[in-house]
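Colleague: I am new to this one. Please show me the model, then let us talk it through.

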Amino acid sequence: MGSLPAMSVPVEDLGLFELDGNALQDVMPPPPDDWQTLYNGGLNNGGSPEVFTGVNPDAAPVTIFDGGKKDIQPIGDWSHKNGSVPDKDDITNAYAASYTDSATGDRILYFGADRFSNVGDAFMGFWFFKDEVKAEDDGSFSGNHQLGDTLVLVNFPQANNAVPLIQVVEWVGNGEFSGAGEPGCSKAANNNPQPGQCIAKNLRLIAGESGDGAICNNGGIDEACAITNEVTETSPWPYTAKNGLVGAFPFESFFEGGINLTQLIPGDSCFASFMAETRSSSSFTATLKDFVLDSFPVCSTNISTAIHSGADHVTDLQGGNISAGTGIHDLATVSFSGPTGLQVLGTVTFDTYAATCLDLLDTNGDPVDPLPDALANYSTAVDYTLDGTTNSVQVESNGLTSEDAGFPSDTDSDSPNPGAFAYLVRFVAAANSPVPSSAYHCEELFVETLTPTVATEIHEGTGHSPDIQDTIQAVGISLHDLAKVTGGNNLLPTGTVTFVFYDNATCDGTVLATHSSKVLSGSGVLATTESDDYSTVGYLSTANTRDLSIRASYSGDTNYAPAQAPCEDLTIAKRNPSIETHVILLDQAKVEGDGNTIIGVGEPSGVVDFTVYGTNNCTGTALKTITGVSLVDISGELIARLLSTDEVIVKALNATSHVSYLAAYQGDNNYKAVTHGCEVVSVTLPAKTTAQ
């Protein structure tokens, strides 16, 4: 079989790793490493891999490929189930490691596996996937083939005249062009494909060697080789063979190999997953049997985040509590591993939720299905070239990166409502990206409601000043309460206020009135509302004073907790009257006849005229003149009496007042007119007396 031109140093002689048909560390201290070195602690024991999968057992229940699955199929066509395979195809453990040759910078991949039984041919494959490939619980495989996925086939048949074989192939798809600009593969080019030709649908042969040249340390091609144990070898990890041998591999039970990926498939040399498989034959259309699948982040993406407040880019708030209205943003640091000069393309997404991380991610760290509706979405494109030093980029949730002029201002921050709040962040690699997408990263905090202050003022009537609480007010006034609810963080309080009027000073007595659901309005962080008017008419009975108090209670809203104002009170008192005496004067005139008994001449009739003066001598300007007052028989006397409308009231206090009357009888047919002498009344009144 054809092969690439030989390199100067074979993969088994680079001084990085022992490819000698056993898993034990032969040279102490390392390097070169061996699987025992890595199994016992990797870097802590002198190992120098960049990535090591660990020694991964095919844990029970054994998962195998469902019937008829092949390497030439897309990963989406694969499926798996719990079951068993022939003992010779039963993988017990699989492992892989990635190194960089410091002399050349080449990426070197080492791989291995051991099997349950050595009775029968060993047809094995080792896949290195660029995408993250997983065997899902429902029997499917997630992930997709990408251009540059690499398959190493290692065959150690036991039949007479059978020869070992190693082949390195690249997934190129069956499209018009591969990632290298060459045509994809729809079928094998011929019956004996050479390196660079299609060896099967979707696969191109890169290098291969058969016979002794396929075996490491045996003079084959420098870029790839494999080897198995020809004698029983000690296992550094727990292992029991089918024949009952414990802690040791029977011959042809342990397999390992290596490839110089940089020389075979030049490019980014990035991978995300590793899979060891067994196959029914050496054909590329052979049925796949058992598999062990693991993460293999040769080029990896990791993401960490910190929640910051406003312009603060130091204090990480995640896991804590903040007040409603606090402006926050998320800072994501995306770190990449890969060769210097590697261009990373993708997008960092920030999705915000009113939820906890337990609500968003399952126990595997995958998003729950379905996710709740996001509150907001941010995304920022990343175009970054690894510089060999930091190999990371910072991105903030408003869409800025550290390569931009600056980070966001407060106005670009979220102001989440009270309750659970979480960011779900991920780096999503661009199509055919050399680095994988990151896992989902969730961080949360709890947003607390603000507690506003509630202040009140009692006002009289329709006015708004002054505040009359803690004062004494006269009964009969109409009063109302004004509530001021003051918040913070630029959030205007909304909601309602209820005012309760009590019959004492402590807001706990008999309720006089309740004015509820008074809607707040305002601007900034101050909102106000008023109660209805409350009249104090009739509030007092026998007591001269009685206390009255008011309590204002705020309902709260989305951002604010309910709150109460302090109890406010005032005293209602009876009003203070004053008393003063007045003299009311009403004059009357009695008219008598002359006593004559002549028939036809009786008692006088007619009217009397009265003139009232404010002097003591019936002179000066008359206060009033009352004319035509008829004579009326009152108890046998003829009286002309002034009415109440003619009364004269003396009101002058601390002084002597005079009122004089002049009464004039006007006469009739029998009697002459006659005027009475001046009648003088002198009155002295005391000063007004006021209640205290």
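What follows is a short exchange on a sheet and some salt bridges.

Modeller: This is a predicted model, where local features need pLDDT of at least 70, side-chain atom pairs count only at pLDDT 80 or more, and totals for chains, interfaces and linings use all residues. Residues are numbered from 1 along each chain as its sequence is written, and side-chain values use heavy atoms, with hydrogens and water left out.

Colleague: Which residue in β22 is the bridge partner of I307?

Modeller: Strands are DSSP runs of E, at least two residues, numbered from the N terminus. Two of them pair if DSSP finds at least two bridges between them. β20 and β22 (residues 328–336) run antiparallel, joined by nine bridges. In β22, I307 has as its bridge partner D330.

Colleague: Which are the edge strands of that open sheet?

Modeller: The order is β20-β22-β25, with antiparallel pairing. An edge strand here pairs on one side only, and that describes β20 (301–309) and β25 (392–396).

Colleague: How many residues apart in sequence are the parts that E457 and K484 tie together?

Modeller: Their side chains form a salt bridge (a side-chain nitrogen of Lys or Arg within 4 Å of a carboxyl oxygen of Asp or Glu), at 3.2 Å, N to O. E457 lies in strand β28 (residues 453–460) and K484 in strand β30 (residues 478–486), so the separation in sequence is 27 residues.

Colleague: Is D89 buried or exposed?

Modeller: D89 meets K88 in a salt bridge of 3.3 Å, N to O. Buried means under 20% relative accessible area, exposed over 50%, partly exposed in between (1.4 Å probe, protein chains only). K88, at 22%, is partly exposed. D89 has 3%, so D89 is buried.

Definitions and conventions:
Helices (H or I, at least four residues) and strands (E, at least two) are DSSP runs, numbered from the N terminus.
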